[in-house]
Amino acid sequence: VGEISAALEEVFTRYRADVRSVSGVYRAVYEGDPEFDSVRREVEAFAQSEGRRPRMLVVKLGQDGHDRGMKVIATAFADLGFDVDVGPLFQVPAEAARQAIENDVHVIGVSSQAAGHKVLVPQLVEELAAQGGSSIAVVVGGIVPPKDYAFLREHGVDAIFGPGTAVPQASREVLQVIRARRR
Amino acid sequence: MSSAPESVASYCEAIRRGDRRSIARTITLLESTRPDQAALGQAILDALVADTGGAIRVGITGPPGVGKSTFIEALGLHVLAQGHRVAVLAVDPSSPVSGGSILGDKTRMERLAQDERAFIRPSPSSGSLGGVAQRTREAMLVCEAAGFDVVLVETVGVGQGEIDVVDHADTIVLALMPGSGDSIQALKAGVMEIPDVIVVNKCDHPLADTMVREVRAVLALGPDRSWRVPVVKTEATRGEGITMLRETIDEHRALIEKEGTLSERRARNLRAEVLGIAAWRLRRDLEERAQADPEWQGLLDSVVRRETDPASAARKLLERMEDG
């Protein structure tokens with residue numbers, strides 16, 4: 001398969017799964033929602049006191065191409081006033097850690113739908129430490145069985161968001177996680 | 001972080017070593033809207049300034065969707081293969097409503113982002129005390145001090161704000177694509193003098209040659225200079241035309257070095273930068289005072305009530321400012 005793929009790549013070039021995201025969609029739906037507005041004010045207050053907006057990198061690690069959740073989160077957090085970096089699909093933990101450090105983000109949000117979280121997320125935390133980025137928080141969202149929550153927390157994950165988490169609530173928690181890390 | 005007592009000297013030492021974390025932190029400090037952080041960033045930059053100026057600086061601008069990131073990646077990989085180290089500084093637009101932004105450059109420059117000899121930093125266009133053009137230049141200096149000998153600065157659009165961002169580059173590349181007629185309009189409307197090289201990307205498009213002809217026709221109306229702006233066709237996803245583009249950039253640089261316009265250009269940019277920063281600060285002071293000073297507010301209100309016209313109100317403001 002590798003040789004066939006390589007031969008095809010030479011002719012057709014490699015397919016790149018571009019992550020396209022739009023902003024403003026989420027805001028349009030939530031306009032006027034008191035919870036949404038109060039989180040936005042919190043984000044503004046953070047930007048005032050820290051000198052910049054909260055900055056989050058959303059990543060997909062390993063063989064997991066389900067990027068819808070990542071796009072929704074990127075759009076929603078940007079609409080709440082975050083600066084959101086979007087990582088490419090199929091990233092390995094070392095690359096994600098390096099990208100987080102180069103972009104100097106406050107937090108990495110791992111979107112996981114393909115059950116790789118127990119291997120890839122601890123690797124990401126280790127890579128961050130090895131590359132000098134241990135001050136960067138790590139949160140996980142997506143399909144994670146509740147019985148794995150404790151395991152992830154033991155391995156350096158600051159917060160986990162399962163299906164059905166409301167975005168304003170999640171973003172408020174992310175802000176708290178960032179603040180806690182900075183102390 | 002903010003609590004750790006990190007000295008200017010240790011930052012400088014780490015940056016000269018090429019430490020990614022320190023380069024990234026320093027760029028963050030320079031982008032900060034908090035005066036104490038910005039001051040620390042400035043102090044670091046001040047100590048590094050002797051190590052700067054060594055890179056080939058290329059500014060890349062053009063309308064969204066023409067494939068800038070793709071061809072920056074191709075160009076970046078090309079110069080890496082020639083033994084250079086490359087830094088990419090990209091400005092992504094912040095939402096004027098939420099203030100937030102989506103920064104996707106590493107998605108679009110995946111292969112370049114994986115290379116140890118590359119450093120890619122996207123920045124949101126809002127924030128910072130000094131405006132986006134100033135801090136992009138400062139980030140460029142940090143990258144130069146860290147030993148990156150090719151710096152590519154990317155911005156979206158062809159308006160004045162974007163031109164300011166790339167204005168510090170030695171060579172300015174304008175990227176277009178076939179079928180985008182409005183960019184030809186922009187060329188006609190006066191940004192024609194800005195680019196040193198024009199790239200027509202996606203040149204496998206059936207209208208590519210028409211586009212090249214149109215661009216050449218517009219350029220032919222321009223002033224006669226020693227450098228005739230070349231039009232390079234690329235197909236960045238396949239890497240076609242990238243060698244040609246690289247050679248064209250080298251030729252341009254060789255010419256401006258020989259003619260002395262490189263140092264002239266950099267000197268002019270440095271002078272303009274000082275005035276630009278001063279103007280930015282004055283503006284900030286003006287706006288702060290307009291918020292705080294009741295006398296000024298009264299004057300502004302009188303304009304709203306159509307009792308004073310804007311020009312004379314502005315004159316009065318300036319007179320009062322001089323009086324202290």
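Predicted model: local features only at pLDDT ≥ 70, side-chain atom pairs only at ≥ 80, totals over all residues.
Residues are numbered from 1 along each chain as its sequence is written, chains are lettered from A in the order in which they are written, and side-chain values use heavy atoms, with hydrogens and water left out.

Chain B contains 14 helices and eight strands, which are DSSP runs numbered from the N terminus (helices: H or I, at least four residues; strands: E, at least two). Of the 324 residues in chain B, 52% are buried, a word that stands for under 20% relative accessible area, with exposed being over 50% and partly exposed in between (1.4 Å probe, protein chains only).

A nonpolar core is a set of buried Ala, Val, Leu, Ile, Met, Phe, Trp, Tyr and Cys residues joined through side-chain atoms within 4.5 Å. The largest one has 41 residues, and among those that touch the most other members are F71(B), V86(B) and L112(B). Helix α4 of chain B (residues 68-81) gives the most to this core, namely six residues. A second, separate core has 31 residues, including L29(B), F148(B) and V165(B).

T136(B) lies in helix α7 of chain B, which spans residues 132-145, and T136(B) is buried, with a relative accessible area of 8%. Residues up to four places away in sequence aside, T136(B) touches L89(B), V91(B), V153(B) and V165(B).

The contact between the two chains can be set out as follows.

| Item, chain A with chain B | Value |
|---|---|
| Residues taking part | 43 residues from chain A, 40 residues from chain B |
| Buried area | about 3200 Å² |
| Salt bridges | four salt bridges |
| Polar contacts | 23 residue pairs (both at pLDDT 80 or more) |

Buried area is the accessible area (1.4 Å probe) that two parts lose on being put together, summed over both, and carbon and sulfur atoms give 42% of the area here. A salt bridge places a side-chain nitrogen of Lys or Arg within 4 Å of a carboxyl oxygen of Asp or Glu; one joins the side chains of R21(B) and D104(A), at 3.3 Å from N to O. A polar contact is a pair of N or O atoms within 3.5 Å; within protein, one must be able to donate a hydrogen and the other to accept it, and residues adjacent in sequence count only if both atoms are side-chain atoms.

Technical notes
Contact = heavy atoms within 4.5 Å.
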